[in-house]
Amino acid sequence: MRPLLLLAIGGGLAALSAQSVTIPLWPNGAPSATPDPAAESDITTAKDALIAGKPVIRLGHVSKPSLTFYPPRGTNTGAAITVFPGGGYNILAMDLEGTEVCDWLTSAGIGCALVKYRVPNSGPYPKSAAALQDAQRAVGMLRAHAAEWHVDPARIGVLGFSAGGHLAAALSTHFDHRLYDPIDAADGLSCRPDFAIIIYPGYLAMPGPDSPNPDVPVTAQTPTAFLVQAENDPVWVENAVIYFMALKKAKVPAELHIYAEGGHGYGLRRTALPVTGWPDGVLAWLHTTHVLPVAVP
């Protein structure tokens, strides 16, 4: 196992990291936390699969969650996105679905708040409330720092992959009350995302036809969403389809992209498969929904 000394690797990501600020989510320790006897570390081994020819940082044993804010580069649009890496609530794919995502977002003028939430065994809610507690706290903290970090508090979204996609949907449907006792002013602010970007999610569908997960209760107050999944995803393409249909039934605008091939866990590393072009679709959707300024032809 390798200690995680630096998540941002390479020239662009190193520059991104240099301008970031990291704060603990819980200054006095996470609620109901059980100390992990193992040290937080990258548990990737030589046997783990490469993604687009490159390794993935698999961060394990996270018991001290944090939020790292990366300011936008160039023109600041005022929008910000809170990012939840995936990993089955067991590990966090911190570069593939974390720092690399923030590099992309900040290059588009969008602030990125990367959440290192607790793993393992921290979700899905209600099996465990830990990850959702961290997500609620993170969005409240981002709004609390909005003026300092030059963020529009009415244009704060979430973006999650796999288990992190479930976490983005869970936060989108469980924002009306905190799952922990408030500790400061940040917990008095809304943790409802203004929009959600959900990439190859898990845990949103139950076995059987047209079976949404009842623990992710979509209502008319659920924020708009952009969803992506491949038909051959081993984690059920129905996760994205059924969540989209639940949004449609609740009359919540949403956009769904289903691709023939792509599998699972590609992040935003480009390959020959069209599914890996999803970041371009997200930016177009953010302009269409006026989260970002409408592009002038």
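Does Arg-178 count as buried or exposed, and at what relative accessibility? At 15% relative accessibility, Arg-178 counts as buried, because the cut-off for buried is under 20% relative accessible area. The model discussed here is predicted.

Eight strands make up an open sheet with mixed pairing, in the order E1-E4-E7-E5-E8-E9-E10-E11. Strand E1 (21-24) and strand E11 (254-259) are at the edges; each has a single partner strand, so one side of each lacks a neighbour in the sheet. From one strand to the next, the twist averages 15°.

Helix H2 (residues 95-107) lies across strand E4 (66-70), strand E5 (80-84), strand E7 (111-116) and strand E8 (156-161), and it runs at about 170° to E7. Helix H3 (residues 130-144) also packs on the sheet, where it touches E1, E4, E5, E7 and E8. The direction of H3 makes about 160° with that of E5.

A further open sheet has 3 strands, in the order E2-E3-E6, with antiparallel pairing. Its edges are strand E2 (41-42) and strand E6 (92-93), each with a single partner strand, so one side of each has no neighbour in the sheet. Strand E3 (residues 58-60) is joined to E6 by 2 bridges, and the two run antiparallel. Here Arg-58 stands opposite Ala-93 in E6.

Glu-100 lies in helix H2 and is buried, with a relative accessible area of 14%. The side chain of Glu-100 makes a polar contact of 2.8 Å with the side chain of Arg-269.

A search of the whole structure finds 1 disulfide. The disulfide is formed by Cys-102 and Cys-112, with their sulfur atoms 2.0 Å apart. It links distant parts of the chain, with Cys-102 in helix H2 and Cys-112 in strand E7, 10 residues apart. The angle about the S-S bond is -50°, and the link is left-handed. Cys-102 counts as buried at 0% relative accessibility, and Cys-112 likewise counts as buried at 0%. Cys-191 is in no disulfide; the nearest cysteine sulfur is that of Cys-112, 19 Å away. Cys-191 is buried too, with a relative accessible area of 0%.

Next come the charged pairs. Side chains of opposite charge can pair when their charged atoms come close. The whole structure holds 11 salt bridges. One of them joins Asp-103 to Arg-73, with the closest N and O atoms 2.6 Å apart. This pair links distant parts of the chain, from Asp-103 in helix H2 to Arg-73 in the loop between E4 and E5, 30 residues apart. Asp-103 counts as partly exposed at 22% relative accessibility, and Arg-73 is partly exposed with a relative accessible area of 32%.

Another salt bridge joins Arg-137 to Asp-187, where the closest N and O atoms are 3.2 Å apart. Arg-137 is in helix H3 and Asp-187 is in the loop between H4 and E9, 50 residues apart, so described as a link between distant parts of the chain. Both Arg-137 and Asp-187 are buried, the latter with a relative accessible area of 8%.

Asp-187 leads back to Arg-178. The two form a salt bridge, with the closest N and O atoms 3.7 Å apart. Salt bridges that share partners join Arg-137, Arg-178, Asp-184 and Asp-187 into one network.

Where does Arg-178 lie in the chain? Its place is in the loop between helix H4 (163-173) and strand E9 (195-199). Neighbours within four places in sequence aside, the contacts of Arg-178 include Gln-136, Gly-140, Ser-190 and Cys-191. Arg-178 also lies 9.3 Å from Leu-132, C-alpha to C-alpha, although the two are 46 residues apart in sequence. A polar atom of the Arg-178 side chain lies 3.2 Å from the backbone oxygen of Ala-186, and one lies 2.9 Å from the backbone oxygen of Leu-189.

Key. Residues numbered from 1 in each chain as written. Predicted model: local features only at pLDDT ≥ 70, side-chain atom pairs only at ≥ 80, totals over all residues. Heavy atoms only, no water. Pairing = 2+ DSSP bridges. Helix = DSSP H or I, 4+ residues; strand = E, 2+ residues; numbered from the N terminus. Axes fitted to C-alpha atoms, helices over the stretch in contact; angles between N-to-C directions. Contact = heavy atoms within 4.5 Å. Buried < 20%, exposed > 50% of the residue type's maximum accessible area, 1.4 Å probe, protein only. Polar contact = N/O pair within 3.5 Å; in protein donor to acceptor, adjacent residues only side chain to side chain. Disulfide = S-S within 2.5 Å. Salt bridge = Lys/Arg side-chain N within 4 Å of Asp/Glu carboxyl O.
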